[in-house]
Amino acid sequence: MKPTNPPEKRLSGLPVAPGIAIGPLHEAPESPLVISSKKPKASEIPSELARLEDAVSRSRAQLHKLKSRLTALPKDSQAEIAPLLDVYLHMLGPTRLLRGIKLRVQSGEHGAEAATQSEAEAQAEAILAQPGGDKSSRQRRADEVREVARRLIRNLTRQPFRSFEVLPQGSVLAAQSLRPAEAALIQPTRFAGIVTAEGGLDGHTAVMLRALGLPAVLGVSGLLEKATTGGLVIVDGDSGEIILNPSRASLDAARKKLSAQTRARRALSRLQHLPAQTRCGAQVELQANLELPFELPLIAASGARGIGLLRSEFMFMNRELAPDEETQTRIYRDIVEAMDGDPVTIRLLDWGSDKDVEALARFVPDNPESNPALGLRGIRLLLRHEALLETQLAAILRAAAAGPVRIMMPMVSVAREVVETREAMRRVWRRLKSRRNLQLPEKPPPLGIMVETPAAALAAPLLARHAEFFAIGTNDLTMYTLAADRSLPADMKLYDPLEPAVLRLIHLTASFAAAAGIPVSICGELASRPTVVPLLLGLGIRQLSMNGNAVPLVKQAIRATTLLACEHLANAALAAPDAEAVREILARLQTTSPTVS
Ligand code: PEP
Ligand code: MG
């Protein structure tokens, strides 16, 4: 970032989490590398070599993932970064660098980290000392060797690439991009807001940031090049605009908006105990999504009636080993007890694709040719790892003794997956029953599925024979229906949950669920958009689960409408030619319908 203070500059990105933040902008620095100088004993050398192998494959997988995300960048950045990533990948093959590191480990002189550090440094120095030629190209090659070594050491030590704790309290966190696992490490009380150069509206990072409740804008291209470290910034999480080095007039306007928002939030909190019902009296069930346990108090204060989607991934992130049955049971039970009789829908681990779960990275095949979103992910992976699936099922079944629980399967595409999961659940139930002194519910909880692939929506009548409820995941349903990554920037105009194709699948799923007599909800990000909620009611949905912060606004939208108006809206949207036309229909409704009630 530039060291000087430039004049006011307005940039725009995606409005990911609402609210205004004002504070100094700080980039999350890399946490320092800590390298042990301990020499391994002879008996420890094989395991040091195995750790090195593991770090090499993790590093390769990360680089492949970075490569697959390049399409989201402008063409000239792609042309610059792609060859660099190829160089790194090459260096992680059978090269002098890796051979040198291995020899140092085998000699017993160094552990894997120190061997990587010293070999890379020796090779970088040798490159820089070469006589003649172009000095800047020697420097570049030396930097590349050091960069690969840095990545290997991060993966060997499992030290996160970034540390958030060192940033000043109240700052606006800036980053090129954030991984979902990194977002999970952010302490919301530490920051005023978050802004990144990359990222899409409904990507997993966006979902995590919304859970933090901080104003956030993603996908601000050129952010770090244009921003000044420590310079004041305004983040408008409603419009997606950020203002670098704001003028006095812009600051006054932002402060006014901030206090108006605080007043509006206070007014909305009065809705907490009012029913979520339309003006004509139709009841809607509002629940909250939970990504991180610290959201529990917010959920309790939001007026949500239970948790409609507990994303269990958080338990597996940022740790070396998957949590065991006891640990998981304790975490689920604490949540169920905190909900005090309101239902909790626990989703089985949805890992793979961009939800990289460190503790399980070795289970996900590193196949650079295949697209991870279209391969082993969610229930497909779990069914291949029986112990992991059964441990989680056992913990959920035990926690269900503490209150109403439902079990939900992610990423279902065919009925066989539900049949196999139910068999696993029966096996685990029998096993738990035979164990003494275990508290269990009277019967196993309902088993339902996420409808987030077009296959699941189209085959809903078949799936309803095996599943006891449906929850529509509009984030992935949109991605798989439109063949457009949910992390793509909005200006590409490919990923859009308002496309009539997606709305038709929602409508179809709701109709099939009604015919089969099973409950259906929406727990994707679409459910949290107050302007879209009347449309969802018109498509036949009566149960919504969303980020806790959104509950009051969604309730307000429901209380301002009637089912008849919603149905008209849905008919018009289903017949619309594209998402833009649907947006126009929704905007017309905004200007004609009454506001709060
Ligand atoms: C979805 O896909 O809409 C969903 C709720 O699941 P996730 O965002 O966790 O993939
Ligand atoms: Mg999903």
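This is a predicted model: local features need pLDDT of at least 70, side-chain atom pairs count only at pLDDT 80 or more; totals for chains, interfaces and linings use all residues.
Buried area, as I use it here, is the accessible area, with a 1.4 Å probe, that two parts lose on being put together, summed over both.

Start with the layout. There are three domains. Domain 1 comes in two segments, 9-30 and 163-247. Domain 2 covers 42-157.

My topic is domain 1 against domain 3. Their C-alpha centres are 27 Å apart. Domain 1 brings 19 residues to the contact, and domain 3 brings 23.

How much area do domain 1 and domain 3 bury between them? About 1,900 Å², with 58% of it on carbon and sulfur atoms. On the domain 1 side, three residues stand out: Asp202, His204 and Ala211. Together they supply 33% of the area that domain 1 buries against domain 3, more than any other three residues.

Now the polar side. Eight residue pairs make polar contact across this interface, both partners at pLDDT 80 or more. The salt bridge count between the two domains is one. Look at Arg210 and Glu525. They form a salt bridge, and their closest N and O atoms sit 2.1 Å apart.

Which elements give two or more residues to the domain 1 side? Two helices: α6, at 180-183, and α7, at 204-212. The largest share is from α7, with six residues.

Last, composition. The domain 1 side that touches domain 3 has 11 nonpolar residues, five polar and three charged.

Definitions and conventions. Residues are numbered from 1 along each chain as its sequence is written. Chains are lettered from A and ligands numbered from 1 in the order in which they are written. Side-chain values use heavy atoms; hydrogens and water are left out. Domain bounds come from an automatic or database domain assignment. Contact means heavy atoms within 4.5 Å. A salt bridge is a side-chain nitrogen of Lys or Arg within 4 Å of a carboxyl oxygen of Asp or Glu. A polar contact is a pair of N or O atoms within 3.5 Å; within protein, one must be able to donate a hydrogen and the other to accept it, and residues adjacent in sequence count only if both atoms are side-chain atoms. Helices (H or I, at least four residues) and strands (E, at least two) are DSSP runs, numbered from the N terminus. Ala, Val, Leu, Ile, Met, Phe, Trp, Tyr, Cys and Pro count as nonpolar, Asp, Glu, Lys and Arg as charged, and the others, Gly among them, as polar.
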